[in-house]
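Trainee: Before we go through this entry together, could you let me ask about it piece by piece and show how each answer is reached?

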Amino acid sequence: MRVLTTAGLAAASVAAAGLTAMMLLAGCGGESKTKQYVVAFSQANNAEPYRAAQNAFMTQLFGAQPDVKLVISDAQQDNSKQVAQVETFIRQKPDLLIVAPNERAALTAVMGQAMEAKIPVICLERDILQPNYTSYVHSDNVAIGRLAGQFIVDHLTKKYGKPAGNVVAMRGLLGVEGEINRDRGAKEVFDKYPGIQIVADPVADWIQAKAKDRMTEVLRARPKIDVVYGHNDPMAIGAYLAAKELGREKEMVFVGVDGLGGAAGGIRKVMDGILAATFVYPLCVDKAVEIGNRILHEPGFRPEKGYVLEAVMVTPENAAQLYEKFTTKAMQ
Amino acid sequence: MPDSGMLRRARSLAALVGILILAIVTSPTASDGSRIFLQAGNLTDILRQISLIGILSLSMTYVILTGGIDLSVGSILALSTAVTAMFLTRGYTTHIGVAILTAVLASAAVGALNGVVIAATRIQPFIVTLASMIGVRGLAKWLTSNQNIDIGFGRDLAAEFASIFREKAIVIGAYACAAALFWVVLARTVFGRHVRAVGDNEKAAEYAGLPIRTTKIWVYTLSGLFSGLAGVLYAAENHQGNPNAGVAYELDAIAAVVIGGTRLSGGKGSISGTIVGTLIMGVLTNMLRLNNVDSNVEMMIKAVIIVLAVAVQRERN
């Protein structure tokens, strides 16, 4: 009996080994004669639509170059996992390392190790505590908050002839940089107009379903709402769904942030008339790929230490045009 | 007739050796032609990367041996990272030891509370620790107002703490010491015999007059204490107190324990098996990552390995 079990173990191990080996070999492919560059991208969390869009766009851009092989790892929003994955990348010595850090403090040291190993490092979108990178490509959430705040002020002025009205701010995960600064930027603008009141600011953790529940409660408590400012598009859409359920969606407008392309993204929702506006928080990928390519192909190239990318406002007037621009192949 | 436990261990060891060989064979090579997997740096990377889950899985082995389960270890780890970072960065103390001790004791207290409730009320451990998984996560978030408490890279106390305790040698050393301790206690002490006896047949243990309640309270206290220790190491490694740390770590720890051949219903199992189980997961992850296997595929392969590992160790009656 035991012999049988051991034989079973052996067979199972061989089967597993074969399966794994096949998958490993599938990844290797044939060697080409020209210099092959390996670009490693450590992504914080594939599960967020914004980050999935980053992956898709980067795959598309590097995929167009036969001399570059892109490898993406997913840290599933876990700092320790991402540190481990970056460590493994360092052992592999890629020609370029791109990191979208899950959190600032956790990734600082390991990105320093990559720099020490003489691997060029591009820090994507989120900051770290020390400048342990060759270049940092990011956007400015405070500026986006200000743009959104100004859009809301203009809307209310048009509606009432003066800047006054009731605003609901639908907040993302507390303590996250994007949440803090998108909130701060808008409040800087609102503070100049005493007639504008934030009547509720529930927390929905970036999640559409949670935003719908929180908005339902707000709608029950508040008879008059003019604007919902969602700190991302899914929350603005969740708020819209709640208002629609209670037949009040015409009473107010919905403003979001992120402005992803594709059928599920915020730009489409502006075209559909669900959102009054959204703001394209840049994926930062095109700039990172551009700099990355120059690092790979131009030996003397020294990138700037930082690049700040501008946000773009999406309204019904320009939505169709921007939809084309921001929808990558993978999203269609 | 050979001891069935020995045989089980031999099989899980064979599985580990198999995966090691596979990892060596499939390892990509560095520019000098050496295999990256075998580089000392890579091997110690693996050990450091498994250390936290490794520590959690040691105390989880005791809990599972008594027929229980502890779902709260990830939340306790988060609490510990938060307490450590708060004490170090907010001037509550001027000594690193005080911060560590406070975090570990607070964690042990949570574990003790789990144990007391389980022993006193006889509510199932799954439910009690599920409740504390939720509650302690809330406590950690409440203490920190949902904020991460960053530990910087300057010259202050907190930075000094991080630079010491994120050292590979310290982290791996902590795991090795904990593993030796749990191994010896289980194999050589009366307490270790009680842990097995409670899970093997609680009624029999009761009639034999064994201290069932005390044993249970102790295993959950140990589980809390070592989760706290893992939290201290997490805080140093990641330079932060993080109330969202350690989500789903309890499942990784349980996976390592069951891959190591410990019976989920209690009574049978070993620390050596758990260590092997932890190593299997660590080496497997490293192998797949070195070969850039898609992370979704990685999860599917791990699922297969878990079931296979347990299937081949199943007792035949």
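Mentor: What follows is a set of questions and answers on a predicted model.

Trainee: To begin with chain A as a whole, how many helices and strands are there, and what percentage of its residues is buried?

Mentor: The secondary structure of chain A comprises 11 helices and 12 strands. Of the 332 residues in this chain, the share that counts as buried is 49%.

Trainee: Among contacts in chain A between residues at least 6 apart in sequence, what percentage joins residues at least 24 apart?

Mentor: The contacts considered here are those of chain A whose two residues are at least 6 apart in sequence, and the part that joins residues at least 24 apart amounts to 72%.

Trainee: In what order do the strands of the open sheet of chain A stand, and which of them are at the edges?

Mentor: The open sheet is built from 4 strands with parallel pairing, and their order is 7-6-8-9. An edge strand has a single partner, so one side of it is left without a neighbour in the sheet, and this applies to strand 7 (196-200) and strand 9 (253-255) of chain A. On average, neighbouring strands of this sheet are turned by 30° against each other, direction ignored. The order asked for is thus 7-6-8-9, and the strands at the edges are strand 7 and strand 9.

Trainee: How many bridges join strand 6 to strand 8 of chain A, and which residue stands opposite Ala169(A)?

Mentor: Strand 6 (residues 165-170) and strand 8 (residues 227-230) of chain A run parallel and are joined by 4 bridges.

Trainee: How far apart are the C-alpha centres of domain 1 and domain 2 of chain A, and how many residues does each give to their contact?

Mentor: The domain assignment of chain A places domain 1 at 35-133 and domain 2 at 141-280, and the C-alpha centres of the two lie 32 Å apart. On the side of domain 1 that touches domain 2, the residues divide into 3 nonpolar, no polar and 1 charged. The contact takes 4 residues from domain 1 and 4 residues from domain 2.

Trainee: Which element of chain A gives the most to the side that touches chain B?

Mentor: The contact between the chains takes 36 residues from chain A and 44 residues from chain B. On the chain A side, helix 1 (2-28), strand 2 (68-74), helix 3 (79-92) and helix 4 (104-116) each supply at least two residues, and by class that side has 16 nonpolar, 14 polar and 6 charged residues. The element that gives the most, with 12 residues, is helix 1.

Trainee: Is Val285(A) buried or exposed?

Mentor: Val285(A) belongs to helix 10 (residues 285-297) of chain A, and, leaving aside residues up to four places away in sequence, it touches Gln54(A), Phe57(A), Met58(A) and Leu61(A). A residue counts as buried when 20 or more other C-beta atoms lie within 10 Å of its own. Val285(A) has 26 other C-beta atoms within 10 Å, and is therefore buried.

Trainee: Why does Asp205(A) count as partly exposed, and what is its phi?

Mentor: Asp205(A) is found in the loop between strand 7 and helix 7 of chain A. It counts as partly exposed because it has 15 C-beta neighbours inside 10 Å. Most residues other than glycine have a negative phi, whereas Asp205(A) takes a positive value, near 55°.

Trainee: Turning to chain B, how many residues of helix 3 are buried?

Mentor: Helix 3 (residues 73-89) of chain B has 17 residues and reaches 24 Å from its first C-alpha to its last, close to the 24 Å expected at 1.5 Å a residue. Just after this helix, Gly91(B) takes a positive phi of about 70°. Helix 3 of chain B is mostly covered, and the number of its 17 residues that are buried is 16.

Notes
Residues are numbered from 1 along each chain as its sequence is written. Chains are lettered from A and ligands numbered from 1 in the order in which they are written. This is a predicted model: local features need pLDDT of at least 70, side-chain atom pairs count only at pLDDT 80 or more; totals for chains, interfaces and linings use all residues. Two residues are in contact if their C-beta atoms, placed from the backbone, lie within 7 Å. Ala, Val, Leu, Ile, Met, Phe, Trp, Tyr, Cys and Pro count as nonpolar, Asp, Glu, Lys and Arg as charged, and the others, Gly among them, as polar. Two strands pair if DSSP finds at least two bridges between them. Axes are lines fitted to C-alpha atoms, for helices over the stretch in contact, and angles run from 0 to 180 degrees between N-to-C directions. Domain bounds come from an automatic or database domain assignment. The expected span of a helix is 1.5 Å times one less than its number of residues. A residue is buried if 20 or more other C-beta atoms lie within 10 Å of its own, exposed if 12 or fewer, and partly exposed in between; C-beta atoms are placed from the backbone.
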